[in-house]
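Me: I would like a close look at one part of this model, with some of its surroundings for context. Please keep the wording plain.

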Amino acid sequence: MNGALLAGVLASSIWSGTSLLYATLGEIVGERGGIVNLGLEGIMLIGAATGFAATAVTGDPYIGLAAAALSGSIANLGFAYLVVGRRANQLASGLAFMFFGFGLSALVGRPFVGAPIVGLPKLELFDPANVTSRLVNYDILVYLGPPIAVLVWWLLFHTRWGLWLRAVGESPASALAAGIRPAALQYQALAVAGILGGIGGAHLSLSLTLTWAEGMTDGRGFIAIALVIFAKWNPLWAIAGAFLFGAAESLQLQLQAVGADVSPFLMNMIPYLLTLLVLTLWGFRRQVAAPAALGRTFFGAE
Amino acid sequence: MPHESATAWRWRLFSAQAAAFVLIAFIALAAFSALLLAAGRSPLKAYVDTLVYVFGNAYGFSELLVRMTPLLLTAIAVALPARIGLINVGGEGQLYMGAWLATAGELALQDQSAFVLLPALTVLGFLGGGLWALVPAIMRALRLVNETISTLLLNYVAPLIIGFFIFGPWRSPESSSYPQSPAFVDAARLPTLFHSRLHAGLIYALVCLLLYWLTISFTRFGLDMRATGGNPEAARRLGIPVFRYILAVMFVGGGMAGLAGMAEVAAIQGRLVSQLSPGYGFIGFLVAWLAGTKAGGILAMSFLFAVLSSIGDMLQITQDLPFAVINILMAGILFIVLGRRPMGSAAK
């Protein structure tokens with residue numbers, strides 16, 4: 001592998017890993033509060049479609065981004081109502097939201113298939129005339145990704161809100177006894193998770209592909225859920241995980257760019273197989289890092 | 001009611017449940033209609049078109065049963081593992097791999113007679129889906145990876161395998177623009193019924209559903225599974241081989257979805273193509289979940305979801321919407337059922 005190819009892979013893995021980073025951070029916030037959201041794939045699709053539609057209508061990708069964050073958050077609050085408000089089964093509700101997001105994004109995105117948009121602009125922090133430094137001129141979401149991961153980490157581990165949320169995720173009954181209202185915190189956490197998931201989806205349509213296509217997230221929501229386990233529910237580890245998987249994705253594009261004769265179908269399998277491999281390796285160790293009440297429905301303190 | 005017989009009581013319970021479900025379906029349908037109106041479409045036209053098409057003549061009804069066939073099989077693929085508490089969301093990938101192995105068999109055995117080919121393709125379709133499901137089953141049985149996430153991820157891998165073969169080694173030389181495998185020989189085509197697209201796959205599906213019902217209701221396996229689903233640790237101490245049950249139900253379940261894939265290539269398409277299924281594996285999950293994994297429920301829900309799929313077809317054909325839009329309505333029904341009462345263990 002020569003230097004230019006390596007630089008290209010590194011640069012584009014950060015670029016394509018960004019949507020995974022936001023989605024993973026969102027899922028971590030929810031899971032720290034004890035809620036597994038398998039509907040993340042659907043939330044990302046809704047973010048990608050509404051972000052693209054709003055950008056196409058207004059011509060401003062930042063308005064599109066705001067629309068994606070808002071729609072992701074509203075959709076995730078719907079999920080929160082089911083699993084917290086109505087105490088429904090989390091796995092089934094999450095899968096229902098996956099279907100819902102798939103359908104709703106197809107409906108929202110339909111008029112905008114093939115629409116030309118101006119995507120998120122690259123901030124020209126480095127000399128665009130230089131071939132190598134041009135590679136690291138990204139859009140704002142890429143630069144904000146790692147700082148937001150640190151922010152989420154600080155929020156979870158160094159604020160009172162984070163402590164309360166983690167208490168709810170470990171034992172809602174004890175949290176309730178300590179005067180914390182589990183439901184309120186879970187609603188807040190899932191609203192934040194929805195914002196991050198929506199942004200993660202929007203980065204795909206507003207920066208990576210600049211198109212809307214049905215089901216365009218291609219399972220990234222599920223890869224992000226696996227990344228939460230990889231990162232041991234720690235936002236800082238999520239940075240490493242997201243960029244590792246970004247590398248797996250971008251390797252294919254870069255190899256195609258240099259004309260390597262490898263089937264794109266086989267290359268496209270890599271992120272999914274890598275995810276399964278990582279989950280298997282992590283499975284050999286007991287997952288003590290998982291919040292104790294993860295996935296359990298809290299019916300009140302008995 | 002003092003002296004009510006058990007049958008009468010059961011009937012009253014059933015009709016109450018059915019009435020509640022019809023109400024739920026209508027609420028979801030009303031919400032979906034509002035959404036379609038907001039998108040500038042005509043829901044009423046779609047519903048009337050669908051009803052006229054599906055129930056207006058024998059051909060339309062036969063097409064409905066064609067739709068229902070893969071749903072029955074993919075629903076069993078979800079329901080059987082759910083009996084011991086496993087969540088198999090990989091029906092879609094299992095369907096594709098059943099189609100893949102059946103196609104491999106057709107390419108290898110195409111000079112054989114139908115008496116060899118059809119049983120061989122059936123077995124291979126079953127094996128393709130079953131072996132594909134065995135991967136997450138083993139990872140789950142060894143307590144390495146949760147089967148929900150692994151089956152979901154494998155759904156994205158299976159179509160890529162199909163893509164690799166029909167763009168590569170199996171690409172038909174006759175069609176240069178649209179990649180697909182060569183057409184199946186006549187002897188490898190599943191027989192059709194009543195001069196329609198209805199095919200022997202429906203008989204497979206109904207026989208499988210019957211076997212499923214008999215197994216869970218009347219055999220020791222059904223009882224063992226119920227015990228395992230209720231409390232795996234207790235089941236283990238009772239001497240039930242939980243490890244083997246995990247592998248067995250996932251293998252057989254995956255095999256059911258594989259049969260659906262085999263029927264799609266051997267009866268409907270007549271060759272391996274990239275777009276085999278509009279999400280039958282996922283719809284089958286909804287069917288099995290809403291049916292509470294009961295055999296009768298699977299039959300009724302498959303029929304209902306075949307009708308809903310037909311609405312999706314109508315929206316696509318006459319109102320310029322993607323088929324996927326129908327997922328909103330299907331998810332809506334599940335939302336109401338989920339939100340109606342706490343169902344922490346209903347998937348079991």
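Where in chain A does Leu210(A) lie?

Reply: This is a predicted model, and the values below are computed from it. Leu210(A) lies in the loop of chain A between α9, residues 182-208, and α10, residues 220-230. Its phi is positive, about 55 degrees, although Leu210(A) is not a glycine. The relative accessible area of Leu210(A) is 35%, so the residue counts as partly exposed.

Another loop of chain A, between α10 and α11 (235-257), holds Trp233(A). Trp233(A) also is not a glycine and has a positive phi, near 60 degrees. With a relative accessible area of 3%, Trp233(A) is buried, because the cut-off for that term is under 20%. A positive phi is found in a glycine as well: Gly59(A), which follows α2(A), has a phi near 80 degrees.

Helix α2 of chain A covers residues 40-58, which is 19 residues. From its first C-alpha to its last it reaches 26 Å, close to the 27 Å expected at 1.5 Å a residue. Of its 19 residues, 16 are buried, so α2(A) is largely enclosed by the rest of the structure.

Chain B has an α2 too, made of residues 43-56, and Tyr47(B) is found in it. Tyr47(B) has a relative accessible area of 13% and is therefore buried. Leaving aside neighbours within four places in sequence, Tyr47(B) is in contact with Leu29(B), Phe32(B), Ser33(B) and Ile311(B). The C-alpha atoms of Tyr47(B) and Val307(B) are separated by 9.9 Å, while the two residues are 260 residues apart along the chain.

Ile203(B) is in helix α7 of chain B, residues 201-218. At 44% relative accessibility, Ile203(B) counts as partly exposed.

Note on methods
Residues are numbered from 1 along each chain as its sequence is written. Chains are lettered from A and ligands numbered from 1 in the order in which they are written. This is a predicted model: local features need pLDDT of at least 70, side-chain atom pairs count only at pLDDT 80 or more; totals for chains, interfaces and linings use all residues. Side-chain values use heavy atoms; hydrogens and water are left out. Helices (H or I, at least four residues) and strands (E, at least two) are DSSP runs, numbered from the N terminus. The expected span of a helix is 1.5 Å times one less than its number of residues. Buried means under 20% relative accessible area, exposed over 50%, partly exposed in between (1.4 Å probe, protein chains only). Contact means heavy atoms within 4.5 Å.
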